[in-house]
Amino acid sequence: MTPEGIHGDTGAAADAAASFDPLRPLLTRVAYRMLGSVADAEDVVQDAFIRWLAADRDAVREPAAFLRRTVTRLCLDQIKSARNQRETYVGPWLPDPLVEEEEADDVTLPLMLALERLSPLERAAFLLHDVFGVEYDEVAKTIDRDPAATRQLAARARTHVRDARPRYKLEKEQGLQIANAFFAASRSGDMGALGALLAADVGMWADGGGKRPAAMGPVIGYDIVLKLHRSLAVLFGKYGSTLVHAGMINGLPGFVTREADGELQTTALEIADGKVTAIYVMRNPDKLKHMH
């Protein structure tokens, strides 16, 4: 059967696309915040479009609410299977890196990691209400709970993620200066300069997904992080590491590099009081495909 046979005529498809496409960026953002995966978010949004195509669109008073509800419910289904995959994931799991030209919302990488520890319904309630500004009654309809239970889910989520939300907003320029200094010191092997940037309790997480070499667990503490970078600097000196772009990655200052194996890598830095408190390195090529 032709695509027209499956989805109706091309006129209907064009009509559906005309109302769907302006909402696609927002729907993709909702799906990505729920799932932490660019490819999965795009798949969910495409699935939502197919459902929109099949829906009685004339009967839908608010397409944005209808589609946000559809995407959220698809994400809740997706999270169940993603959690099973996560249990067998090799090494630390980090969300796909998004290199952002402008700040879309205040969901930073540490907050996304905190959201991973919530139940799927808590995550949905928190994101829809606190991040995307959806009223509780609409959130309740979306997740199929009553408004009182929905408020409770969001409040519980808020408590769990409180520590992951920065108390003071870091000035973007200051953050990028620190990221540039971090790149220069780590690649040149200037451990004095690098050490001056690190907090005493700094931690480092590298996601290789079993596809590229990376530490199999978190590396925590000033001395051990510096020791690891001393070893890495020898490799960078020998094989090279080229800066591709410096900018905001998942709401944190950082940089994109091309490493000796020809693959991209992202480094995002969490910064407090002018010091790097956490280093997040994405090396898994599957999670960097969207950046090519």
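Buried means under 20% relative accessible area, exposed over 50% and partly exposed in between, with a 1.4 Å probe and protein chains only. The structure is a predicted model, in which local features need pLDDT of at least 70 and side-chain atom pairs count only at pLDDT 80 or more, while totals for chains, interfaces and linings use all residues. Residues are numbered from 1 along each chain as its sequence is written, and side-chain values use heavy atoms, with hydrogens and water left out.

**Stop 1: helix H8**

Select residues 136–143, which form helix H8. Helices (H or I, at least four residues) and strands (E, at least two) are DSSP runs, numbered from the N terminus. Six of the eight residues of H8 are buried: Tyr136, Glu138, Val139, Ala140, Thr142 and Ile143. Step past the end of the helix to Asp144, where phi is positive, at about 65 degrees.

**Stop 2: the sheet**

Next, show the strands. Seven of them make an open sheet with mixed pairing, in the order E1-E4-E5-E6-E7-E2-E3. Its edges are E1 (99–100) and E3 (219–220), each of which pairs on one side only. Two strands pair if DSSP finds at least two bridges between them. E2 (residues 198–207) and E3 are antiparallel, with two bridges; Gly203 has Ile220 in E3 as its bridge partner.

Contact means heavy atoms within 4.5 Å. Axes are lines fitted to C-alpha atoms, for helices over the stretch in contact, and angles run from 0 to 180 degrees between N-to-C directions. Then select helix H6 (residues 109–116): H6 lies across E5 (252–259), E6 (264–272) and E7 (275–282), and runs at about 65 degrees to E7.

**Stop 3: aromatic rings**

Display the side chains of Phe, Tyr and Trp. Rings (for Trp, the six-membered ring) pair if their centres lie within 6.5 Å; planes under 30 degrees apart count as stacked, over 60 as edge-to-face and the rest as tilted. The whole structure has five aromatic pairs. Phe183 and Phe255 are edge-to-face, because their ring centres are 5.3 Å apart and their planes stand at 75 degrees. Phe183 belongs to helix H10 (residues 172–188) and Phe255 to strand E5, so this pair ties together parts that are 72 residues apart in sequence. Both Phe183 and Phe255 are buried.

Trp205 is in E2 and Tyr280 in E7, so parts 75 residues apart in sequence are tied together. Trp205 is partly exposed, at 24% relative accessibility, whereas Tyr280 is buried, at 6%.

**Stop 4: charges over rings**

A charge sits over a ring if NZ of Lys or CZ of Arg is within 6 Å of the ring centre and within 35 degrees of the ring normal. Select Arg187 with Phe236: Arg187 lies over the ring face, 4.0 Å from the centre.

**Stop 5: Glu122**

Finish in helix H7 (residues 120–131), at Glu122. Is Glu122 buried or exposed? Glu122 is buried, at 8% relative accessibility. Its side chain makes a polar contact of 2.8 Å with the side chain of Arg156. A polar contact is a pair of N or O atoms within 3.5 Å; within protein, one must be able to donate a hydrogen and the other to accept it, and residues adjacent in sequence count only if both atoms are side-chain atoms. Leaving aside neighbours within four places in sequence, Glu122 is in contact with Leu153, Arg156, Ala157 and His160.
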